[in-house]
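Open the model in your viewer and keep a selection tool at hand. The tour goes from stop to stop, with something to select at each.

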Amino acid sequence: YAKNRQGNAIQLFNSALLNAFKEDAQIERDLALAIKGRQFELYYQPLKDLATQSYIGAEALLRWHHPKKGVLYPGAFIDIAEQTGLINDIGSWVLEAACKQLNLWQRHQIDISMHVNVSARQFFSSNLFEQVWELVTRYRLKPNSLILEITETELMEDIRSATNLCHELAALGVGLAIDDFGTGYSSMRYLKQFPISKLKIDRSFISDLSVSRESREIVSAIIAMASALNISLTAEGVETKEQEQFLAKHLCHQAQGFLYSPALRVSEFGQFLQKSSAIH
Ligand code: C2E
Ligand code: MG
Ligand code: MG
Ligand code: MG
């Protein structure tokens, strides 16, 4: 009897695993066709400067209009793209699309910076620097208006390559931001070793601000450290007025989150900027 129950459990486990595997395989096949099929779109989430109360940046966030499943968020496909190597083509598409949009904004005197997420595999691919250089040149971008975001764990995967690449990007004037700061295997050493222009405090610290004294202490310490090191700082996932007030009081530079806006399609983003500049 017990043996039978165990057998069923194993069978159940296997079929769940098999389904997940089939699902991933399907995503992988569909993903390979998504660029050609023009199924990707960049959405833009505004970044607010807390001192001036104006919007000074946008983070490009990838959305996939899947022909059958509707809109998919990166959580549903970025890992698969990373594992299969498809991330290289997808990442190139993202960089190009973001730079093209930044060029359009700059031609319309819309002075905001563009943040682009880069995965480890893409960051350490042999031609990332050439690609960025080529785009900055072709689209005549102010180099410091382009900021690449990478997580600290990914950055630490290959310290020697990361050091070289960071210096090359810094020489070009392109910014480098540490995404989800505080959640990885943080090593303060890289803040000394790499030319990092920005830290983005992970939203888990922000969402805890009202309930956790530890989070409040950590966030204010990160703010103080960033100021002392002359590194710009963005708080991610700001959802309430109270969180914004805490951040502003401690002189955090920028905030991003649903309190202001989720990521928007480009036309909505333009309207958002217009509306908010009319208010101030
Ligand atoms: P991330 O870079 O940390 O981006 C912030 C994520 O938090 C976004 O999720 C955004 O929609 C969400 N978010 C923003 N404000 C709030 C808030 O107030 N509350 C909550 N709960 N969430 C908020 P999204 O767009 O689903 O992206 C998830 C992750 O996928 C990103 O995290 C980034 O690591 C990755 N990703 C997005 N676009 C790209 C891309 O083009 N290339 C690569 N390699 N990764 C990307
Ligand atoms: Mg990011
Ligand atoms: Mg991230
Ligand atoms: Mg983040």
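Buried means under 20% relative accessible area and exposed means over 50%, with partly exposed in between, using a 1.4 Å probe and protein chains only. This is a predicted model, in which local features need pLDDT of at least 70, side-chain atom pairs count only at pLDDT 80 or more, and totals for chains, interfaces and linings use all residues. Residues are numbered from 1 along each chain as its sequence is written, chains are lettered from A and ligands numbered from 1 in the order in which they are written, and side-chain values use heavy atoms, with hydrogens and water left out.

**Stop 1: ligand 2**

Select the magnesium ion (ligand 2). Glu59 (OE), Asn117 (OD1), Glu149 (OE) and Asp179 (OD) coordinate this ion at 2.0 to 2.2 Å. Donors here are N, O and S atoms within 2.8 Å of the metal (3.2 Å for Na, K and Ca); water is not among the atoms, so sites may look incomplete. Along the sequence, the donor residues of ligand 2 follow the spacing E-x57-N-x31-E-x29-D. Asparagine 117 in strand E4 (residues 113-117) and glutamate 149 in strand E5 (residues 146-151) are 32 residues apart, a pair that links distant parts of the chain. Helices (H or I, at least four residues) and strands (E, at least two) are DSSP runs, numbered from the N terminus. Colour the two by accessibility: glutamate 149 is buried at 1%, while asparagine 117 is partly exposed at 28%.

**Stop 2: ligand 4**

The magnesium ion (ligand 3) is 4.4 Å from ligand 2. The magnesium ion (ligand 4) is 4.2 Å from ligand 2, and aspartate 179 coordinates both ligand 4 and ligand 2.

**Stop 3: ligand 1**

Select ligand 1 and show the residues around it. The shell has 21 residues, the closest being Arg63, Asn117, Asp179, Glu239 and Phe258; a residue counts if one of its heavy atoms lies within 4 Å. Strand E2 (54-66) and strand E6 (175-181) each supply at least two residues of this shell, and E2 gives the most, with 4 residues.

Next, display side-chain contacts to ligand 1. An oxygen atom of ligand 1 is 2.9 Å from a polar side-chain atom of glutamate 59. For asparagine 117, a side-chain N or O atom is 2.8 Å from an oxygen atom of ligand 1. In glutamate 239, a side-chain N or O atom is 2.5 Å from a nitrogen atom of ligand 1.

**Stop 4: two loop residues**

Most residues other than glycine have a negative phi. Arginine 38 has a positive phi of about 55° and lies in the loop between helix H1 (2-34) and strand E1 (40-49). Arginine 140 has a positive phi of about 45°, and its place is in the loop between helix H5 (128-138) and E5. Arginine 38 is exposed at 76% relative accessibility, and arginine 140 is exposed at 71%.

Terms used. Polar contact = N/O pair within 3.5 Å; in protein donor to acceptor, adjacent residues only side chain to side chain.
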